[in-house]
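I opened this notebook to record what I looked up in the structure, entry by entry. The coordinates are shown first, and my notes follow.

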Amino acid sequence: MRLKDKVALVTGAAGGMGAATARLFAREGARAVVVADVLDADGEAVVAEIRTAGGTASYVHLDVTREAEWQAAVDKT
């Protein structure tokens, strides 16, 4: 439980290494994992996997090239 009581915002988390990182952070005890990506359906699927495994997660649409979307993601987190 290395991340107990921590909150994680993981970008690129709809697939590949980002999704694996989000799942790992949830398994390591993060209080909440925010899955961020532009692939909404895939990101929501990762959130569902984390929740099914007993973790707490939410999804936020984030295009990392857009400053306003960063602000919204951080505010939601």
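**Entry 1. Alanine 22 and the cores.** I began with alanine 22, which touches Val10, Ala13, Val33, Val35, Val46 and Ile50, leaving aside residues up to four places away in sequence. A contact here means heavy atoms within 4.5 Å. I then looked up the nonpolar cores, each defined as a set of buried Ala, Val, Leu, Ile, Met, Phe, Trp, Tyr and Cys residues joined through side-chain atoms within 4.5 Å. Buried stands for under 20% relative accessible area, exposed for over 50%, and partly exposed for what lies in between (1.4 Å probe, protein chains only). The largest core has 14 residues, and Val10, Ala22, Val33, Val35, Val46 and Ile50 have the most contacts inside it. Two or more residues come from each of strand 1 (7-11), helix 1 (16-27), strand 2 (32-37), helix 2 (40-52) and strand 3 (57-61). I also noted a second, separate core of five residues, among them Val34, Ala36, Leu62 and Ala73. In soluble globular proteins, nonpolar side chains tend to be buried together.

**Entry 2. Basis of the model.** I recorded that this is a predicted model, in which local features need pLDDT of at least 70 and side-chain atom pairs count only at pLDDT 80 or more, while totals for chains, interfaces and linings use all residues. Residues are numbered from 1 along each chain as its sequence is written, and side-chain values use heavy atoms, with hydrogens and water left out.

**Entry 3. The chain as a whole.** I counted three helices and three strands, which follow the pattern β-α-β-α-β-α along the sequence. These elements are DSSP runs numbered from the N terminus: helices are H or I of at least four residues, and strands are E of at least two. The radius of gyration is 11 Å, which agrees with the value near 11 Å for a compact globule of 77 residues. That radius is taken over C-alpha atoms, and the globule rule is 2.2 Å times the number of residues to the power 0.38. Along the principal axes, the C-alpha atoms fill a box of roughly 35 × 20 × 15 Å. Of the 77 residues, 34% count as buried. Among contacts between residues at least 6 apart in sequence, 54% join residues at least 24 apart.

**Entry 4. Leucine 9.** Leucine 9 is found in strand 1. Leucine 9 touches Val34, Ala36, Val60, Trp70, Val74 and Thr77, not counting residues up to four places away in sequence. Leucine 9 and valine 74 are 65 residues apart in sequence, and their C-alpha atoms are 8.0 Å apart in space.

**Entry 5. Tyrosine 59.** I placed tyrosine 59 in strand 3. Tyrosine 59 counts as buried because its relative accessibility is 8%. With residues up to four places away in sequence left out, its contacts include Val35, Ala36, Asp37, Val38, Leu39, Asp40 and Lys76. The C-alpha atoms of tyrosine 59 and lysine 6, 53 residues apart along the chain, are separated by 17 Å.

Entry 6. Which residues does glutamate 28 touch, not counting residues up to four places away in sequence? I found Met1, Arg2, Leu3 and Lys4. Glutamate 28 sits in the loop between helix 1 and strand 2, and its 19% relative accessibility is why it counts as buried. Aspartate 75, found in helix 3 (residues 67-76), is exposed, with a relative accessible area of 56%. The C-alpha atoms of aspartate 75 and threonine 21 are separated by 21 Å. Aspartate 5 lies in the segment before strand 1. I noted that its phi is near 70°, a positive value in a residue other than glycine.
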